[in-house]
Amino acid sequence: MRLFQKKKEPAAHAQLRTGARHPFTALDGYTPLGGGDVRLYRAIREAVPVVDAAILKLIRLTGGVSARCTDPRADAELGRFLATVDTGRGCYGINAFLDVYLDSMITCGRAVGEIVTWGSRDIAAVLCGNVAEVCVREGKTPLDFSICLCDSLEPKPLPRQELLLFTPFSPEADSPYGCSLLRSMPFLTDILMKIFTAVGTNWERCGSVRYAVVCKPESELLNRGGAADRAEEVARAWSAAMQETRSGAVRDFVAVGDVDIRVIGADNQVLDSEVPVRQILEQLIARTGIPPFMLGLNWSSTERMSVQQADLMTSEITAIRRSVEPVIARICSLWLRMHGYDCPFEILWENVNLQDEVELARAALYRAQSEKALAEAGEMEESV
């Protein structure tokens, strides 16, 4: 009988990623997510509205996914499932799940989710999770890893790994986690916040006018007590005049002696922040790949999206779609298996924008015209 036994295939062996570990066995294999970087990236989006708007535009341009099966019945049922699946907190549809999933992936550098099932009968919901609450534990080989919940001193792998979804964004070779789109922005964002804070402080000092009233009495023989009484009297009169002005009335300020009234901070020059702010925003927006005029920044009166910019933007969105397409494929494949379908399917994405539709239609028109011209030329040759 041993002659007919199948030999076990050797395990895959990686040559670049070694299995060296640190001596603390309790922490062996874990690469925890501390959550500090997640809070930092969320703060950047909250502090800089342009960055937040750019990420939202990337998410909206990337979304719009569906699936198509070769079996008509499976195609109709799968389409109904993708349009009505529960994604939590009152949201339904795979596109609602994809919006939250992409938001986490682009902002935090990774996204995590799970498929909730009714036993082995159907998929009840598809939910997104908080990446700051999970960590990844690498297995014996670089091909194996498990997702753990960081709710104890020693995280343990979650029991149903096949139902968990995990996608790193621009992953690196030495880490299971991806890189956030905002990874290069904290330094520039800090400078931008300092400029905005300084501008606000200067406008608070110079914009809200404050006055310095100096009264020099005519007689130099006033004692110290008389000078103090005179100062209090001038202060009360000036304060009363200002109060009447705020209420809309006109009241004159009358004082005896040489009175000098100056605006505090009027002699200070407010620094021009247009150039440094624009330079920083150019760096931040260049990282997102969104043209500036799409974010409301009209730096050039003749600025418009060129063909090259449209191609670059389309390629960027296509790369993001490639990152999340395996997740959509896993959800569709599991649903088809649960319902007894074994037909192949494909993931379909909506076109990025209307410009793509125009270009495709124009290309189809040119192709039809060339085919017509070739057909007419062939008929003329045959007639001759």
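Biologist: What is the relative accessibility of Ser170, and how does it count?

Modeller: Burial labels follow cut-offs: buried is under 20% relative accessible area, exposed is over 50%, and partly exposed is what falls in between, with a 1.4 Å probe and protein chains only. Ser170 comes to 41% relative accessibility, so it counts as partly exposed. Bear in mind that this is a predicted model: local features need pLDDT of at least 70, side-chain atom pairs count only at pLDDT 80 or more, and totals for chains, interfaces and linings use all residues. Residues are numbered from 1 along each chain as its sequence is written, and side-chain values use heavy atoms, with hydrogens and water left out.

Biologist: Where is Ser170 found, and what is its phi?

Modeller: Helices (H or I, at least four residues) and strands (E, at least two) are DSSP runs numbered from the N terminus. In those terms, Ser170 sits in the loop between strand 10 (164–168) and helix 5. As background, most residues other than glycine have a negative phi. Ser170 has a positive value, near 50 degrees, and is not a glycine. Arg89 is another residue other than glycine with a positive phi, near 55 degrees. Arg89 lies in the loop between strand 3 (86–88) and strand 4 (91–92), and its relative accessibility of 86% is why it counts as exposed.

Biologist: How many helices and strands does the chain have, and what share of its residues count as buried?

Modeller: There are nine helices and 13 strands. Out of 384 residues, 30% count as buried. Accessible areas come from the Shrake-Rupley method with a 1.4 Å probe, and for residues only the protein chains shown count as cover. By that method the chain has an accessible surface of about 25,600 Å², with 54% of it belonging to carbon and sulfur atoms.

Biologist: How do I read the salt bridges, and what is their count?

Modeller: A salt bridge here is a side-chain nitrogen of Lys or Arg within 4 Å of a carboxyl oxygen of Asp or Glu. That rule gives ten salt bridges.

Biologist: Where do Lys194 and Asp190 lie?

Modeller: Both are in helix 5 (residues 186–206), four residues apart, which is about one turn of the helix. Lys194 forms a salt bridge with Asp190, with the closest N and O atoms 3.5 Å apart. Lys194 is exposed at a relative accessible area of 54%, whereas Asp190 is partly exposed at 38%.

Biologist: Which residues is Val38 in contact with, leaving aside its neighbours within four places in sequence?

Modeller: Contact means heavy atoms within 4.5 Å. With those neighbours set aside, Val38 touches Cys108, Arg110 and Val131. Val38 is in helix 1 and is buried, with a relative accessible area of 8%. Thr107 is 69 residues from Val38 in sequence, yet their C-alpha atoms are 7.8 Å apart.

Biologist: And what is Gly63 in contact with?

Modeller: Again leaving aside neighbours within four places, Gly63 is in contact with Leu98, Arg321 and Glu350. Gly63 lies in the loop between helix 2 (49–62) and strand 2 (65–69), and is buried at 11%. Its C-alpha is 8.9 Å from that of Val352, which lies 289 residues away along the chain. Across the chain, for contacts between residues at least 6 apart in sequence, 66% join residues at least 24 apart.

Biologist: Last one: where does Glu379 lie, and how does it count by accessibility?

Modeller: Glu379 is in helix 9 (residues 354–383), and 53% relative accessibility is why it counts as exposed.
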